[in-house]
Amino acid sequence: IGVSVSVPDDDTFADTLIRDALIATHDAKQRGLSTRRFDNDLRKAVILRADVEQRLVGAVGRGEIVVHYQPIVDLNTGATSGFEALARWQRDGQLVQPSQWISVAESSDLIHDIGTEILIAAARQTERWRAGGADLAINVNVSARQLADPRLATALLTAITHVPKSRLVIEITESLAIDDIAHCTLASLRRLGVRTSLDDFGTGYSALAAIARLPIDQIKIGQEITDRVTQPDGNALVHATVSIANTFDLSVVAEGVESRPQHDALIAAGCHLAQGYLYGKPMSAHDATKWLALHPADAQSEHQAAHQLGCA
């Protein structure tokens with residue numbers, strides 16, 4: 001329930017009250033609340049969101065949407081297995097924090113142009129790295145709106161002209177994966193030859209039965225689990241995830257690794273690939289190229305890992 005209130009002598013119109021109540025209703029749903037009252041804080045948030053959305057219009061055309069790359073490394077060798085491509089908004093020479101605009105883009109049609117830009121730019125950059133001898137995979141996140149839009153297929157067809165199908169990995173979240181439309185799209189991606197990854201595994205909604213039927217190729221262990229990998233409960237969850245991966249012939253990547261003890265615990269649990277600040281933060285293509293020179297890709301590392309305890 002969303003509530004808006006008009007006080008005596010207030011000149012608020014009825015349609016404004018209804019609009020504010022609807023906004024409060026939407027916010028209540030987003031936050032998992034039973035009721036939400038429209039107040040000054042919510043009004044400011046709505047104004048800020050509208051401003052962000054207005055500024056995002058045309059950002060792709062102005063060259064403000066750029067890709068940053070976070071390395072995915074082989075835990076045993078230190079070699080670079082691939083990168084995750086992350087959208088960044090560079091406005092007036094400064095990076096806008098993703099928390100300030102990603103959700104705005106994902107809830108509007110703007111995400112189509114932005115997502116296409118990231119997908120194709122990442123594929124082209126990976127093509128350049130591969131031309132230099134680095135056998136890399138590239139992981140790209142896709143939102144709910146993109147999965148449900150036929151324009152995604154066109155963008156994918158363009159992307160795979162630059163990078164082999166088997167080295168392009170499309171990531172979706174757990175909660176999205178159980179959607180029927182998403183399931184059909186994932187099946188289409190598999191038929192196309194593109195790999196798919198279930199992001200933030202263990203922190204969302206997936207059940208084992210869902211994992212068994214989903215047309216996915218990879219599981220990414222969420223940071224909430226990785227943070228606890230040195231604790232008995234977290235360690236047990238990682239071991240269980242690797243076991244699940246073995247059963248269904250899925251590969252595994254641990255996200256959010258920030259310490260050497262986490263690194264060692266993941267190896268002991270049978271996970272061979274990971275990403276996180278311990279290895280490298282998201283970086284520009286230029287910096288990622290320098291990173292790659294210091295941490296070369298091992299052409300065999302991912303393929304070997306794929307046959308070791310289900311990790312790749």
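This is a dialogue on how the terms used for a predicted model apply to its residues.

Reader: What makes a feature count here?
Author: The model is predicted: local features need pLDDT of at least 70, side-chain atom pairs count only at pLDDT 80 or more, and totals for chains, interfaces and linings use all residues. Residues are numbered from 1 along each chain as its sequence is written, and side-chain values use heavy atoms, with hydrogens and water left out.

Reader: How many helices and strands are there, and what makes a run count as one?
Author: The chain has 14 helices and 11 strands. A helix is a DSSP run of H or I with at least four residues, and a strand is a run of E with at least two; both are numbered from the N terminus.

Reader: Why is tryptophan 89 called buried?
Author: Buried means under 20% relative accessible area, exposed over 50%, partly exposed in between (1.4 Å probe, protein chains only). Tryptophan 89 has 1%, so it is buried. This residue sits in strand β4. Across the chain of 312 residues, 46% count as buried.

Reader: What does tryptophan 89 touch?
Author: Contact means heavy atoms within 4.5 Å. Leaving aside residues up to four places away in sequence, tryptophan 89 touches Val52, Arg55, Leu56, Ala59, Glu64, Ile65, Gln94, Leu95, Val96 and Trp101. Valine 60 is 29 residues from tryptophan 89 in sequence, with 9.2 Å between the C-alpha atoms.

Reader: Why is serine 81 called buried?
Author: Its relative accessible area is 4%, so serine 81 is buried. Serine 81 also lies in strand β4. Isoleucine 138 is 57 residues away from serine 81 in sequence, and their C-alpha atoms are 9.0 Å apart.

Reader: Why is aspartate 249 called exposed?
Author: Its relative accessible area is 64%, so aspartate 249 is exposed. This aspartate lies in the loop between α11 (232-248) and β10 (251-254). Aspartate 217 is 32 residues away from aspartate 249 in sequence and 7.7 Å away in space, C-alpha to C-alpha.

Reader: What about aspartate 200?
Author: Phi of aspartate 200 is near 55°, again a positive value in a residue other than glycine. Aspartate 200 is in strand β8 (residues 195-201). At 32% relative accessibility, it counts as partly exposed.

Reader: What makes a set of residues a nonpolar core?
Author: The members are buried Ala, Val, Leu, Ile, Met, Phe, Trp, Tyr and Cys residues joined through side-chain atoms within 4.5 Å. The largest such core has 70 residues, of which Leu56, Trp101 and Leu168 touch the most other members. Helix α4 (residues 110-131) gives this core its largest share, 8 residues. In soluble globular proteins, nonpolar side chains tend to be buried together.

Reader: Which residues does leucine 56 touch?
Author: Leucine 56 touches Ile65, Trp89, Trp101, Val104, Ala105, Leu110 and Ile114, not counting residues up to four places away in sequence.

Reader: What makes a space a pocket?
Author: On a 1 Å grid over the protein atoms alone, a pocket is an open set of points with protein on both sides within 12 Å along at least five of seven lines. Lining residues have an atom within 4 Å of a point. The second largest pocket has 25 of them, and Ala45, Val46, Arg49, Ser103 and Val104 lie nearest its centre. Elements giving two or more residues to that lining are α1 (14-31), α2 (40-56), β4 (80-91), β5 (94-96) and α3 (102-106). The largest share, 9 residues, comes from α2.

Reader: How do you know which lining residues are nonpolar?
Author: Ala, Val, Leu, Ile, Met, Phe, Trp, Tyr, Cys and Pro count as nonpolar, Asp, Glu, Lys and Arg as charged, and the others, Gly among them, as polar. The lining of the second largest pocket divides into 12 nonpolar, 7 polar and 6 charged residues.

Methods
On a 1 Å grid over the protein atoms alone, a cavity is a set of points where a 1.4 Å probe fits but cannot get out, and a pocket is an open set with protein on both sides within 12 Å along at least five of seven lines; lining residues have an atom within 4 Å of a point.
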